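Morning, everyone. Take a look at the model on the screen, and then I'll walk you through it.

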Amino acid sequence: MKYRKQPEFVDAIRWTGSNLDDVTAFCRALVLSGGFGFTDRQNGQVVMNTAAGTQRAEPGEWIVKGADGSFKAVKPEAFGVTYEIAE
């Protein structure tokens with residue numbers, strides 16, 4: 001038998017290194033729980049402490065919020081191959 005994986009719809013924002021207000025608003029649930037932070041001003045990482053562990057996003061990477069509300073950092077190359085605009 002063959003099975004097809006159903007498409008997953010996600011929300012995403014690209015961390016540019018200079019859009020902290022937008023990223024903070026996007027990660028509001030993590031901010032409110034104390035699980036979001038901006039550390040390492042040298043390379044501009046944002047840190048997300050999630051149920052799946054710590055995720056770090058470098059400038060240029062995408063922050064993806066899954067349908068279950070989880071957050072993860074995705075490299076631009078992987079994002080381009082995995083996701084397409086749904087709207």
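First, a term: a nonpolar core is a set of buried Ala, Val, Leu, Ile, Met, Phe, Trp, Tyr and Cys residues joined through side-chain atoms within 4.5 Å. Buried means under 20% relative accessible area, exposed over 50%, partly exposed in between (1.4 Å probe, protein chains only).

Two notes on the source. This is a predicted model: local features need pLDDT of at least 70, side-chain atom pairs count only at pLDDT 80 or more, and totals for chains, interfaces and linings use all residues. Residues are numbered from 1 along each chain as its sequence is written, and side-chain values use heavy atoms, with hydrogens and water left out.

Now the core. The largest one has 12 residues, among them Ile13, Trp15, Phe36 and Met48. Helices (H or I, at least four residues) and strands (E, at least two) are DSSP runs, numbered from the N terminus.

Next, the sheet. Three strands form an open sheet, ordered β2-β3-β4, with antiparallel pairing. Strands pair if DSSP finds at least two bridges between them. β2 and β3 (residues 46–50) have three bridges. Phe36 has Met48 as its bridge partner in β3.

Last, the rings. Which residues do ring pairs link into a cluster? Trp62, Phe79 and Tyr83. Rings of Phe, Tyr and Trp (its six-membered ring) pair if their centres lie within 6.5 Å; planes under 30 degrees apart count as stacked, over 60 as edge-to-face and the rest as tilted. Phe79 and Tyr83 are tilted, at 5.0 Å and 35°. Tyr83 is buried, at 17%.
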